[in-house]
Amino acid sequence: MSDSTFALILAAAGKSSRFSQRGSYEPTAKKTFMHLDGKPVWLRSIEKFLRRDDVEQVIIVAAPEDIDWFRKYYLNEINDLLLLVVAGGETRMDSIRNGLIAVSSKADFVAVHDAARPCVTAQEIDDVFSAAKIHGAALLASPVTGTIKKVVDGFIEATYPREYFWEAQTPQVFRRELLFEAYKQRITDIPTDDAQLVERLGVPICVVPSDRGNIKITSQSDLVLAKYLVEMGR
């Protein structure tokens, strides 16, 4: 499957409620549109994918209230990089489903990546893409290093051995048909990532180890750390 092709869905429809200052949810206050060493975070999050010959389609899923602004403000980038911009939904699941509708039938695999993860490396992308081609489903993850406590009402209820726990990251990569099937399920809760939906199909998902440098920006301090990581070459 060396000639397999990939579509990338960039999840950029979040409200950035934990990041935006003074409760402002204007586009310019959102983490994905902040500048990181001269480039917006969302663009840094996809630039390493754009360098790959096997990525034939890049879909940006933006919040409905940001769509017009995004298309106008980033018109040159959208045209130059041949990006497809679609409106997200009420939840992350709704947003990715909207992105899937736009996925080309020529794509063998779909990679879903957080717009707020600008520090993913080319090697990490290569590793998770290769694993997906072998296993059909793969994601990046890092082993949990701290002690895991279950806390209920402010008190510790249990302690778990950390060797069994990994923190899921993105990109998460799946055979196109598999991810489409996962999104057809009737879901009553709100899954927090795509792997959770695929797990419910009983499909094994390969975990590809990555380090904690593939951070997700959720706070102002994360942006400072991301700037450092970019300056260090990530």
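## Cysteines

Cys119 is buried, with a relative accessible area of 0%; here buried denotes under 20% relative accessible area, exposed over 50% and partly exposed the range in between, for a 1.4 Å probe and protein chains only. Cys206 is partly exposed, at 22%. Zero disulfides are found in a search of the whole structure, a disulfide being a pair of cysteine sulfur atoms within 2.5 Å.

## Basis of the values

The model is predicted: local features require pLDDT of at least 70, side-chain atom pairs count only at pLDDT 80 or more, and totals for chains, interfaces and linings use all residues. Residue numbers run from 1 along each chain as its sequence is written, and side-chain values use heavy atoms, with hydrogens and water left out.

## Aromatic pairs

Rings of Phe, Tyr and Trp (its six-membered ring) pair if their centres lie within 6.5 Å; planes under 30 degrees apart are stacked, over 60 edge-to-face, and the rest tilted. The count by this rule is 13 aromatic pairs. The Trp42 and Tyr74 rings have centres 5.1 Å apart and planes at 75 degrees, so this pair is edge-to-face. Because Trp42 belongs to helix H1 (residues 41-50) and Tyr74 to the loop between helix H2 (67-73) and helix H3 (75-80), the pair ties together parts 32 residues apart in sequence. Helices are DSSP runs (H or I, at least four residues), numbered from the N terminus.

Both Trp42 and Tyr74 are buried. Trp69 also forms an edge-to-face pair with Tyr74, at 5.7 Å centre to centre and 90 degrees between the planes. Tyr74 has a relative accessible area of 3%, whereas Trp69 is partly exposed at 22%.

## Aromatic cluster

One aromatic cluster is formed by Phe33, Trp42, Trp69, Phe70, Tyr73 and Tyr74.

Key. Helices (H or I, at least four residues) and strands (E, at least two) are DSSP runs, numbered from the N terminus.
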